[in-house]
Amino acid sequence: MPKRKKARKPSLRGRDFLSMLDFTGSEIWDVFRTAKSVKDHPERFRTRLRSKHLAMMFEKPSLRTRVSFEVGMRELGGDALYLAPSDINLGKRESVYDVAKNLERMVHGIMIRTFDHDICVDLAKFASIPVVNGLTDLEHPCQVLSDLFTIWETKRDVRSVKICFVGDGNNVAHSLLLGAARLGLRLMIASPRAYQPKASVVNSAFEEGGRSGAALEVTEDVERAVRDADFVYTDVWTSMGQEGEAEQRRNAFRPYQVNSALFSLAKPDACFMHCLPAHRGEEVTDDVIDSPNSIVFRQAENRLHVQKAVLTVVMR
């Protein structure tokens, strides 16, 4: 009898990446494997996106997002165009619909870094080309995809490790919850009650985690969350747009500072993670972020490799 052909996996080409839930667990693993190839053998990908153009729309400033996407496109043989807030002024100078319809005729993909997640969703709805979420107030999927890749690269058997996120239940915490839920990981988030992740995101993560076997918990008990963790992750207490709350947040989060005393509760070989930029002396002390256990700069580097993988699979 003739051999039956293997069923081909559905392609990610043309797909948007706005949320960790936009890719299935198996698709995330495929992106990780592509990212590993990109990182280990960059020469194989030098013409993968030749003659392709990525529009990069920034309503929020960034070091790592701009550099990693811009360098990434060039290393893939394509080009990236930086669009500052004053170039577009979304929803004021020009509607999201009009911007989407213009860009889809001129470029092959869009990366947007903005405040309102609905702008990102609308842009993807109206544009016929892939849209990648570089950050919104709700989610930061490219960051977390890179973080989970870094965890996999470090420990391989990611289902056996305990990940702990300490601090504000912000966009990074949201994407970590959803990403851990997709992959069936163990994640604890420790935040003051008033600053825990949005209930809608927590509910979605718990629902997905029930299918994947993830072990997820949100708690106020920071010491219990950090105890025996393999990875301890934190982020700034005050994000862009929240500057007016800075003093109030410093008071609320002071017990959640990742210092040597708190970090000592984790496993002896635990890794410290931070998406950067860090406010040293606030959410983390120098002796932790500069310690041999810190992998923050490897995290930052992996933004380049993982985003190249994402661009490769959605734009080619």
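Analyst: Contact here means heavy atoms within 4.5 Å. The model is a predicted one, in which local features need pLDDT of at least 70 and side-chain atom pairs count only at pLDDT 80 or more, while totals for chains, interfaces and linings use all residues. Residues are numbered from 1 along each chain as its sequence is written, and side-chain values use heavy atoms, with hydrogens and water left out.

Leucine 148 touches Met20, Phe32, Leu176, Gly179, Ala180, Leu183 and Leu185, when residues up to four places away in sequence are not counted. A nonpolar core is a set of buried Ala, Val, Leu, Ile, Met, Phe, Trp, Tyr and Cys residues joined through side-chain atoms within 4.5 Å. Buried denotes under 20% relative accessible area, exposed over 50%, and partly exposed in between, with a 1.4 Å probe and protein chains only. The largest nonpolar core has 60 residues, of which Leu145 and Leu148 touch the most other members. Helix H7 (residues 171-183) gives the most to this core, namely eight residues. Helices (H or I, at least four residues) and strands (E, at least two) are DSSP runs, numbered from the N terminus. Apart from this core lies another, of 21 residues, including Cys164, Met188, Val232 and Leu262.

The cysteines may be taken next. A disulfide is a pair of cysteine sulfur atoms within 2.5 Å, and a search of the whole structure finds zero of them. For cysteine 142, the nearest cysteine sulfur belongs to cysteine 120 and is 9.5 Å away. Cysteine 142 is buried, at 1% relative accessibility. For cysteine 164, the nearest cysteine sulfur is that of cysteine 271, 13 Å away. Cysteine 164 is likewise buried, with a relative accessible area of 0%.

Serine 51 has a positive phi of about 70° although it is not a glycine. Finally, leucine 276 and proline 277 are joined by a cis peptide bond, with omega about 5°.
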